[in-house]
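Reader: Can you walk me through this one? I'd like to start with the strands and then move to the packing.

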Amino acid sequence: MDIASLVGLSIENVGMLNVSADIELINKARIEDGLMNEVQSLVLVLNEKLQAVFMNHKLLDMGHESPDDLYGKRLGEIFHCVNVPKEGRCGTSEVCPDCFVLKTMLDSINTKTKKHRDVGITTKNYGVFDLSFRVAPYYIEDREFLVVSLLDIADEKRKQALEHTFFHDISNTLSVISSYSNLILNCDKAEKLMRYAEVMNLATKHLINEVSSQRNLMLAESGDLSVQLIQLNSIFLLEEVLRFFSEYNKSHNIDIRIDENACQVEICTDRLLMVRVLVNMIKNAVEASLPGGEVVITCFEEGGACIFGVNNEGEMPRAVKHNVFQRSYSTKGVGRGIGTYSMKLFGEKYLKGCVWFVSSKKYGTTFYIAIPVDYSYLPMDIELFDKKFGRH
């Protein structure tokens, strides 16, 4: 089976009659026998159309009242995946061909072997499932089914992120502070002393910012983050963010600058969250740039919104485009991928804005965030905001 045939199956008129027959066949095989309800994993059995025809009780803990709510649905529909179209089914959106969940299932079906992969699913309400995903073919009479096992590994993924990014970054920053404090203790020249003190000050601010960022991410994911709205000038905000990179861009040999056509816009927003989104946008652009490259930041007002953009040279590969906002997805190794995910989380759920990107060979890659200039009259429904600014 391939993506094309799966899409073909999704648009045909598949009634519950076929699903009911599959459910009856599974029950006759006594696949459950009480055992499946004792394991810690979520367990499903899917038919050849990847529709659920059996699930254990663990899946009902997600808020579904009975299996009847889930029979006939595909995984993306069961987990309320953000990529499932409003008028369509799981597996039919433009990003689905690069979905690791779908790829793993199709690989198992085509090779008739067991497959395993860690996957992430982002939900429509900004929730995240980090899962150990195992699939295996299962045969009853002359029919082929797919047994799916999903184990929650969110704590493991968060631990990896802390170890590989947060603690690593803090350790590096503390090393800078320690080195320059020793230089200050042994310095007898005023000019050098001032320079060392400036570097230490920047490193200390960076350390405070990283600790605050991690704390805010944890609060945001638990729904406990509060937003503090204040009046800000867009150019002053960009200049503040640029100061954060005064040493960062030197070490990466990347020119980070504010576009000369950037506009001054008075906005009402949460300064710390807005800074965090912009910092992550710029970090992402720098890491995607080659030495000697350029990252350009801009802002302008359109339709009652202030739009910030961060551009770097180069086009993202298609698979990266389709997975870039997933929590645990990264091209840079284990424990990465938090930055782009947090852009969405902070920018849309808490700042009530809209985060998207445009990437092409000719114009490079630009990440955007559009936030309401005045929260009192702009629509707070993100879907309405999306229609205006074309969120990807």
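Author: Strand 8, residues 266-270, is mostly covered, with 4 of its 5 residues buried. Keep in mind that this is a predicted model.

Reader: Which strand is joined to strand 8, and by how many bridges?

Author: Strand 6, residues 229-233, is joined to strand 8 by 5 bridges, and the two run antiparallel. Within that pairing, Ile230 stands opposite Thr269.

Reader: And what is Ile267 in contact with, sequence neighbours within four places aside?

Author: Ile267 is in contact with Ile230, Gln231, Leu232, Leu237, Cys306, Phe308, Ile371 and Val373.

Reader: Moving on to the largest nonpolar core: which residues touch the most other members?

Author: Ile267, Met281, Phe308 and Ile369 do, out of 46 residues in that core. Elements that each supply at least two of its residues include helix 7 (190-222), helix 8 (234-244), helix 12 (338-350) and strand 10 (305-312). Helix 10 gives the most, with 10 residues.

Reader: What other core is there?

Author: Another core, of 39 residues, lies apart from the largest one. Leu44, Leu59, Tyr71 and Val135 are among its members.

Reader: Back to helix 10. Is Asn280 buried or exposed?

Author: Asn280, which is found in helix 10, is buried, because its relative accessible area is 9% and the cut-off for buried is under 20%.

Reader: What is Asn280 in contact with, again leaving out neighbours within four places?

Author: On that basis Asn280 is in contact with Gly339, Ser342 and Met343.

Note on methods
Residues numbered from 1 in each chain as written. Predicted model: local features only at pLDDT ≥ 70, side-chain atom pairs only at ≥ 80, totals over all residues. Heavy atoms only, no water. Core = buried A, V, L, I, M, F, W, Y, C linked by side-chain atoms within 4.5 Å. Buried < 20%, exposed > 50% of the residue type's maximum accessible area, 1.4 Å probe, protein only. Contact = heavy atoms within 4.5 Å. Pairing = 2+ DSSP bridges.
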